Amino acid sequence: MSNDVIIVIVVATALLFDFTNGFHDTANVVATSISTHAMPPRIAVAYAAIFNFAGAFISLAVAATVAKDVVDAGVITPTVVFAGLVGAIAWNLATWYFGLPSSSSHALIGGVVGSAFVASGADAVLGDGLVGKVLIPAVVAPVVAFIVGVIAINLVYGIVGRERPGPVNRGFRLGQVLSGGLLALAHGTNDAQKTMGVITLALIANGNLSQDADVPTWVVICAASAISLGTYFGGWRIIRTMGTRIIKMDAAQGFSAQGAGAAVILASSHYGFPLSTTQVISGGVMGAGAGKKLSAVRWGVAGNIVVAWLLTLPAAAIIGGATYGFSQLFGDGAAGPVVISLLAIAAGGFAFVRRLRVGPLPA
Amino acid sequence: MIATVVQTNELLDSVLASVVAGVGVTAVFAILIFAVARSSDLVRDNRPVAAAAAGGLAVVSLAVVTAAIVLGIIVMIQK
């Protein structure tokens, strides 16, 4: 009975994380289309939500990496997974509050690694998988997206630079509808799978699935629905940062950035690298800006984003570890996760009421 | 040590595919826009042969972009 309560809490928390992931990362997918007026904002987020949902069904390679290659599934309990998810959600909400496009993926992996470390020691963390499948691709992918963005925008300006701007801008805005859809598909493919991987990990830990089980279909459908709903409700603060504060972009730059991002994410997902779509598209945006003019990139904003990237894994790991330690004060059963869930709901309610009294949050 | 931890071949393949797809598709799409814009200008200038050639380039570019996207999605689905 106690285990059933925990697994229900874990699945609900994982889907909440997936919702915040879609909410937080909507900016990655739609900001460039909105800022170049390729699509109206509401249409852009609805369009991204549909492609996010479809993308979640394309591949399960990343889910397998999260479930099996980062932490030792044999020593993981549902409470460990729950604590990791709390760490990831807390970091996602904190970075959303400050409008920083940090990585939901690394928050999730950091949270789970932190709680696994506190629960079972260093042996629970699969160092090879963490370095080879997460950390190295995390460094390589945004750099590749930046380089692709630089090369692509220079080629584009070389090809259409002497044409009349009217038809060129219309053409690239149309192209952005296409590349935005592809980017949303790539985002759904890469990001929804992380939640699928975590739920699968919890089900394995709870004995509902065998160690070598595939991701159940109901998990795929629930994760796809949660991320697409989150995407539809959209995090407008980060959309502003991503769409206008890094560079002021034209339609060609928007198309190049989205193309670079989609290519890197789809290629990486194919090989099961759970990289950060936020980092990749930020790299593409910076590349498309720097390729036109180095000073066009607001390097101060870019620097803040890089700091958030660097902090994400350790910060989420610390919160995840602390949450696990706190839950253990109430024993091994469901009491810890239940108390933490109630505290989180109370904190959420307090923040909501405070916001109603104070008015909108600062932009 | 690092080489054994990092799946070097997969990472390099992933980087290569990203560069080829990202740069290639963007460049071909730019050629498509160039060809469409040039074709309409040539029609306006009463140069039908050159306009048809530009139109042909646009059709080929569109076919390449479509094929690249479909191929990318097929590769993803088959994984």
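Is A:His37 buried, partly exposed or exposed? With 13 C-beta neighbours inside 10 Å, A:His37 counts as partly exposed. The classes follow from such counts: a residue is buried if 20 or more other C-beta atoms lie within 10 Å of its own, exposed if 12 or fewer, and partly exposed in between, with C-beta atoms placed from the backbone. The model is predicted; local features need pLDDT of at least 70, side-chain atom pairs count only at pLDDT 80 or more, and totals for chains, interfaces and linings use all residues. Residues are numbered from 1 along each chain as its sequence is written, while chains are lettered from A and ligands numbered from 1 in the order in which they are written.

A:His37 sits in the loop between helix H1 (2-35) and helix H2 (41-55) of chain A. Helices (H or I, at least four residues) and strands (E, at least two) are DSSP runs, numbered from the N terminus. The phi of A:His37 is positive, about 60°, although the residue is not a glycine.

The predictor assigns the complex an ipTM of 0.87 and a pTM of 0.77. For chain B the average pLDDT is 85, and 86% of the residues score at least 70. This score is the predictor's confidence in each residue, from 0 to 100. Where pLDDT is low, the predicted coordinates should not be read in detail.

Chain B contains 3 helices and 0 strands. Its elements run α-α-α from the N terminus on. Of its 79 residues, 33% count as buried. Helix H2 of chain B covers residues 8-44, 37 residues in total. At 1.5 Å a residue, this helix should span 54 Å, and its end C-alpha atoms are 54 Å apart, which agrees. The expected span is 1.5 Å times one less than the number of residues. B:Glu10 lies in this helix and is partly exposed, with 17 other C-beta atoms within 10 Å. The C-alpha atoms of B:Glu10 and B:Thr26 are separated by 24 Å, at 16 residues apart along the chain.

B:Asn46 follows H2(B). It is found in the loop between H2 and helix H3 (48-78) of chain B. B:Asn46 is exposed, with 7 other C-beta atoms within 10 Å.

At the interface, 39 residues of chain A are in contact with 30 residues of chain B. Contact requires C-beta atoms, placed from the backbone, within 7 Å. On the chain A side, helix H6 (127-160), helix H7 (165-205) and helix H10 (251-270) each supply at least two residues. H6(A) gives the most, with 14 residues. The chain A side divides into 26 nonpolar, 10 polar and 3 charged residues. Here Ala, Val, Leu, Ile, Met, Phe, Trp, Tyr, Cys and Pro count as nonpolar, Asp, Glu, Lys and Arg as charged, and the others, Gly among them, as polar.

The largest nonpolar core has 131 residues. Such a core is a set of buried Ala, Val, Leu, Ile, Met, Phe, Trp, Tyr and Cys residues joined through C-beta atoms within 7 Å. Those with the most contacts inside it are A:Val81, A:Val148, A:Ala223, A:Val264 and B:Ile33. Not counting residues up to four places away in sequence, A:Val81 touches A:Val10, A:Ile76, A:Val112, A:Val198, A:Leu201, A:Ala202 and A:Ala205. Another core, of 5 residues, lies apart from the largest one and includes A:Leu100, A:Ile305, A:Ala308 and A:Trp309.

Terms used. Contact = placed C-beta atoms within 7 Å.
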